[in-house]
Amino acid sequence: MTRMITLDQLHDEARARFGNNPQDWAYQCPECGDVATGSDVAHALSQRPAAVAARNPLTVSQILGQRCIACPARAREFPHLDRAFVHGIGRPVAVFPLAPKETQ
Ligand SMILES: [Zn+2]
């Protein structure tokens, strides 16, 4: 069921499940089932060619929970996902569900 939550709520849930370090927060892709943590996303970004990074300078926080690093899925393509209000964007953003804790 789709929920409307704030980014703070989302971060509270992630903190409760995975601890205080955002690098440990894990999301699961609803398309391929891949689980990615903040560290995984940071690593994936670091592997991009510099030219790609310069053209498309995404940060970990922009990708974590919104794009899969294992397949082309993007959270906004899934209408049933939770929507989080993010400061500075002004509209709700779809987010992947947090991964189950036991996958850590
Ligand atoms: Zn995926």
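**Reading the fold of a predicted model**

Reply: Along its sequence, the protein chain of this predicted model reads β-α-β-β-α-α-α-β-β, where helices (H or I, at least four residues) and strands (E, at least two) are DSSP runs numbered from the N terminus. Residues are numbered from 1 along each chain as its sequence is written. Local features need pLDDT of at least 70, side-chain atom pairs count only at pLDDT 80 or more, and totals for chains, interfaces and linings use all residues.

Me: How many helices and strands does the protein chain have?

Reply: The protein chain has four helices and five strands. Its radius of gyration, taken over C-alpha atoms, is 13 Å, close to the 13 Å from the globule rule (2.2 Å times the number of residues to the power 0.38) for 104 residues, so the chain is as compact as a globular protein of that length.

Me: In which order do the three strands of the open sheet stand?

Reply: Strands of a sheet pair through backbone hydrogen bonds, either parallel or antiparallel. Here the order is 1-4-5 and the pairing is mixed; two strands pair if DSSP finds at least two bridges between them. Strand 1 (4–6) and strand 5 (92–94) are the edge strands, each pairing on one side only.

Me: How many bridges join strand 4 to strand 5?

Reply: Three bridges join strand 4 (residues 83–85) to strand 5, and the two run antiparallel. Within this pairing, F85 stands opposite P92.

Me: Which strands does helix 1 lie across?

Reply: Helix 1 (residues 7–18) lies across strand 1 and strand 4, at about 80° to strand 1. Axes are lines fitted to C-alpha atoms, for helices over the stretch in contact (C-beta atoms, placed from the backbone, within 7 Å), and angles run from 0 to 180 degrees between N-to-C directions.

Note on methods: Contact = placed C-beta atoms within 7 Å.
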